[in-house]
Structure formats: structure tokens, C-alpha cells
Amino acid sequence: MDIECSTELTEEPQMLPPPPGTFIDREELIQHVGEFAVSQGYVVTIKQSKRDKVVVLGCDRGGVYRNRRKPVDESAAERIRRRKTGSRLTNCPFEVVGKKDDGLWVLTIKNGTHNHEPMKDIAEHPSARRFSEKEVLLIKEMTEAGLKPRQILKRLRQSNPDLLSTPKHVYNVKAKLRQGNMSVRDYKSLKPQKSAVRNNYLSVTEPSWRQHNPPRVPNLIGGRFVDSQSLASIDVINPATQEVVSQVPLTTNEEFKAAVFAAKRAFPSWRNTPSTVRQRIMFKFQELIKRDIDKLAMNITNEHGKPLKDAYDDVLCGLEVVEHACGLANLQIGEFVSNVPNGVDSYSIREPLGVCAGICPFDFPAMFPLWMLSIAVTCGNTFILKPSEKDPGAAVMLSELAVEAGLPNGVLNIVHGTNEITNAICDDDDIKAISFVGPNTAGSYVYSRASAKGKRVQCNIGAKNHAVVMPDASMDTALNAVVTAGFGGAGQKRVSLSTVIFVGGLTSWEDKLVERAKALRVQPGTEPDTDLGPVISKQAKELVFRLIQSSVDSGAKLVVDGRNILVPGYEHGNFIGPTILSDVKVSMECYKEEICGPVLLCMKADSIEEAIDIVNRNKYGNGASIFTTSGVAARKFQTEVEVGQVGINVPIAAPFPSFTSLKPLFAGDLNFDGKAGIQFYTRVKTVTQQWKDVAAGTSSDI
């Protein structure tokens, strides 16, 4: 009994205080506190204010009623009834203080606790019917013009359709204005909004997190972009110049809990939002991505290093999934069977899971976040996204666009960090499903840890893609595809062709392959006509160098060495030129490990059967291609090769839907997108119903 009671107590929702911080002005501080409070289930009010010095904010809802004098002759029951209908809950101990210091407003938490439960529906709070300062001015003007309360309210709703006030509230404002016992400034509103974009705070003042130099990447919690209070951060480095682009904070445990709480709180309302409304937001999201694609691509190039043309493709591949999400309602339909037994119907419906999370790698900073969150939120889930700490800018920019598109507060949240945040995502009981893309070691760890907690998990881990080149293949077609897919994105793509198996030997192909590799232009991604940019970090560069040297020491032939390349003006960049190793064996470290760099491994096989066997024995094979003019060979290859993606005279691409695999590199039984993505982010509920004709007195045959 005691254990059960303690379990119930720990499961009660906890309302967290807003993260403290520094703000440009008083209004930004008040807005930060007010919006965060709404995401947690309480509403703040101004308790004390000295406009140029201090502002004290408290909770507008508490656990005891305000004492009021009642007539002596009134019965006890009547006093209780009138007290409950005529008073608001007050005296909550919650209190935060904002003080002006050296031109900035500093927020501190004096008491972050509450003595009441969070509100189930924030619209029930009196603040939802509170008029803004602008609306009070309009009421005053329309009253002077002779309009009645109903007429005033009708005009106010033309500009604010969500206004919940009644004619009585308008009458009360008119009466107080007429009596002269209140001023317009008393109506300064902290009422909740459905979407942060409606507050338009970005257009009023520059957020505090942008004031850092270099800028500090914010968290997105409950619809508000907030600077983390963590003192620890990671520098985001431009791999071509070694300049610090921004800093990524290591999100605190309290901030992570706040993000989960905001997502959990937003879920009931979002799941009940009509699918057409969710689709409409996706349509707007799609438009905004197209509008800002230039900014997104430039950010990706500066943080990741890939050429601008590859950065555009990164965004466009993610945009395909957003476009798919726009028509998702047609794919979420269930099934219906009538008259299962006599007079009984059975049907199935798809329902969202709840709070879902995504953990992203660095190689596609825009595509993977869009692949994960677009399907998840359109299915009715709320989402917590952890971008890569190496290039988080694109994910934050996309989240800004999602908020601008009308995504309600708390539906999408962003947290930053490394191992600790990943562990927190795996362990949190409120997170029902996790999507992960990344290295095989990390993916295996996430899968085992999260699945042990009973979560749905899909992990795409590692990649060792093969190309089989038959002797009869078109030389131009095969070599162009191999060079493009092998060295594109500096070999850091999860769909890169890292290994080429030449059936019959490399001799007749080697000279042409070397010629094409040496013709590739290695320079910063911002330069026009760049073929290869830098790798993501100095650590990645050193690892690639080590694997190259290990291969040479093990007997591989270094056909083209890209380790000594020098890019004028960018001598400190993480550049590696195209590198080709031949005579590679399956026992070599370079073949067994994933090489995230522009290194092409060349192997030889005596027959197509031997080539297929090499591909099938590699446990990290995501996809494989064959280049041939023989339909018989192509058919044999597509039938016998054990990978999820097969290319015939084309390199491994990422078509939509994609990331299917028969190998252990995909942990989980449902994929990221398409119908499988809908199945992953929803659950099926079966309903059986019977309606009896009471008048006829019929009975069930069950």
C-alpha cells in the first residue's frame, strides 16, 4: 500500500519555474516568464513593478481562497457558495524577480514551487478572458462612440477570433473606465497564446541568446526560444576556417524535464486538433522552408562544410517528407468490417503515441530533423528533437519556421547536448518513441537502453555501401556514379559508396578512375563549383588519416593519396583530398570500420557470385549497386543481395521513402517515413460496437 501511494505521488505532474536568464528589456523578461508558465499549466501576474528597476511576478492561481467579509445573517452554505463563485484562487508561493542591472534585466527565481495542481485547460483561467492593453483602449474609444458591449465584443473578435470574453466582461471594463478608478496600464496582459508566433516577439526585440558573441544556440521549450542556464557549452566550428560559428549549451536536467513537460502538456490539445488543421500548418511550413532555403543552405555549409549545392539537396530531401506530411490524413485511415457477428461492427483507428523524440547525426543537418519531426507531429504526436552538437543551426532555424507556420506551443521542443541528454531521452518514461540516426556503436547503445524501458525505437546505424562493377558495364556511367557517390559530401554521407568491387579486376578501370578523382575541386563549400569540402572536425580528419595508414600497413595499395592536400587561404581547414585504396581485403580495418571521409576502397572478385557474397557478409550494408549491361546479372544481383536498397546502374540514393535495410544496421521493425513512418508514430485501436433496437427487444448473438 505504501509503495503504491509513493508511486502515485511521483507520477503527479510537476510545474517547473522558467529558466533564469538575462534579457534586453522588461517586456521580454515578462513575456519569457508568461509563455513558459502557460506551457507548464499556470499563469503569472505582475505583483509589484517599478518600471525602471524591478518587476515581481507571481502565480495567478493558488490553493486557498481570498478572505472576504460576509453578512453575519448569511448561512454557512450560502457563504461557501458565494465565496467559491466570487473569488479567485490566490496566495500561491511561486515568485520570480526581474531586476535591471547594467542596462539588462536579470531574472532570478525566488520561489519556484506551487501549492496547487497544473490547469488541465489553460483557457479556463480568467486570464484567457483578460483584455490586452490595446483592446482596453479600443473599448474606451468604442464606448465614447456610443457602441454597446455586444457590438464592441463583435468588433474585437474580428481581430482576435480566440477572444473568450463575454459582454459582461466588456461591461465591467466600461464601468471601471467610467468610474475613473482604473487606468489602461492596469490591463497589461499576460494571457496565454496558442502559438508563440502570434506574440511576434522576434520582430520586437532581438532575443537574448542572439546577443552572445559568438551566438549561443537556444533551446526551444514550450514555444519559447530560451538561452540555457548551463555554464558548459561546445563550440560549433566552421571546418573550412576553424572559426567559431556558435556555441551549443549542454542542456541542464531541469531544462530537459521542462521540455518533456511542455510536450506532454501540449499533447492532449494537439492530438484533438483536426488533421486538416495539422496539414494546413505543414503546408505553411513547406512554404517557409522554400522561402528560407538560401539561409538554411548557407548555415549548413558554414557548420558542416559541404558544398552549397549539396546543402540545397540536404534541405530539398527533407522537404520531400514535409510535402508527404501535407497529405498524411489520407494514409492514416483505419479499416471497417460490418456485421462481424450479427449486428456487430468492428473498425480500427490510428492514434498518436504521445511524446516522441529524435536524435540526429551531423551528416544531414536539415534532412534528418525534417524526416523525424514532420511525420511525428502531423500524426498528432508532440516532439523533442536533439540535433547534432556539431551543426545544430539548421534544426533551430527549421524550428523557428515551424513556430512561424503556427505549430502550437510545446508541440516541438529542442534540447542540446551529448551523452547525458541522450541517456535522459532513453530513460524518460513520458517519451514513448525514439528515432535515431548515427554511428553503429551509439545506435546499438540507444536501442538497447531505450527498448529496455519499453519504448518504440528505430535506429539507423552505420553504413558500408557497396558498388559491384561488372566487366561489361558502361565505363562512363559506372565511373561517374562511383566518383560522385564515393566522394560527394566529402564521403560523410550515410548513402556514400565507400567500397567498389570490380569483377574481373581493377586494371582496365584504374587510370580513368584516378583521372576523374584528381579532377575534383577541393575547396570551401561556399566557393563556386566546389566538389569536395572539408570533413566535419579535426578529430574526424585524424581518424581518416589513421585508417588510411592502417590500410597501407596491412598491404593495401595507395593509388591516390589525399592527405597532403593544401587549399590556399584555408591552410587550417579539415580538408582531405580524394583518396583511393586498392587491393583491399575484408580483414582490413578500413573495410570493417565506417570511414567518414573521401576514401574509396577498391576490391576485386572473380565472379558476380563472389561479389554478392562479399556484400552479404558485411553486417553494415545499407545498400548496394550493380553496374552492368546484362539484365540477367542485374536480376540475379537484386534477388540475391541482402540489403534494403538496390541500385541498378545508379548509385545508392535516398529515395522517398527510404532507409530500408535487411541488416542489423537498422534496429527496430519500422522505418522513418512513408507508410512505415505512420505505423511507427501511431498505434492501432480496434473498436467493436453494437446498437440494439430497444423497442424491438432484440438480443445479441454474441
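Two strands pair if DSSP finds at least two bridges between them. With that in hand, here are some close-ups of this predicted model.

**View 1. An open sheet of three strands, in the order β12-β13-β27.** Pairing in this sheet is antiparallel. β12 (336–337) and β27 (682–690) stand at the edges, and each has a single partner strand, so one side of each lacks a neighbour in the sheet.

**View 2. A closer look at β12 and its partner β13.** Strand β13 covers residues 344–352 and runs antiparallel to β12, with two bridges joining them.

**View 3. Helices α10 and α13 side by side.** Helix α10 spans residues 293–304 and helix α13 spans residues 393–404. Their axes come within 9 Å and cross at roughly 160 degrees. Angles over 145 degrees count as roughly antiparallel, and α10 and α13 are therefore roughly antiparallel to each other. On the α10 side, the residues that meet α13 are Lys295, Leu296, Asn299, Ile300 and Glu303. Facing them from α13 you will find Gly393, Ala394, Met397, Leu398 and Leu401. Sorted by class, this contact has six nonpolar, two polar and two charged residues.

**View 4. Lys453 in the loop between α15 and β18.** Leaving aside residues up to four places away in sequence, Lys453 touches Cys426, Asp427 and Asp429. Asp428 is 25 residues from Lys453 along the chain, and the C-alpha atoms of these two residues are separated by 8.5 Å.

**View 5. Confidence along the protein chain.** The mean pLDDT of the chain is 81, and 81% of its residues reach 70 or more. Which elements have the lowest and the highest mean pLDDT? Helix α7 (residues 201–204) has the lowest, at 34, while strand β15 (residues 382–386) has the highest, at 96.

**View 6. Two stretches to view with care.** Over residues 84–89 the pLDDT stays under 50, and the model has 16 contacts for them beyond four places in sequence. Residues 184–205 also have pLDDT below 50, with 62 contacts in the model beyond near neighbours in sequence. Where pLDDT is low, predicted coordinates should not be read in detail.

Notes. Residues are numbered from 1 along each chain as its sequence is written. This is a predicted model: local features need pLDDT of at least 70, side-chain atom pairs count only at pLDDT 80 or more; totals for chains, interfaces and linings use all residues. Side-chain values use heavy atoms; hydrogens and water are left out. Helices (H or I, at least four residues) and strands (E, at least two) are DSSP runs, numbered from the N terminus. Contact means heavy atoms within 4.5 Å. Axes are lines fitted to C-alpha atoms, for helices over the stretch in contact, and angles run from 0 to 180 degrees between N-to-C directions. Angles under 35 degrees count as roughly parallel, over 145 as roughly antiparallel, 65 to 115 as roughly perpendicular and the rest as oblique. Ala, Val, Leu, Ile, Met, Phe, Trp, Tyr, Cys and Pro count as nonpolar, Asp, Glu, Lys and Arg as charged, and the others, Gly among them, as polar. pLDDT is the predictor's confidence in each residue, from 0 to 100.
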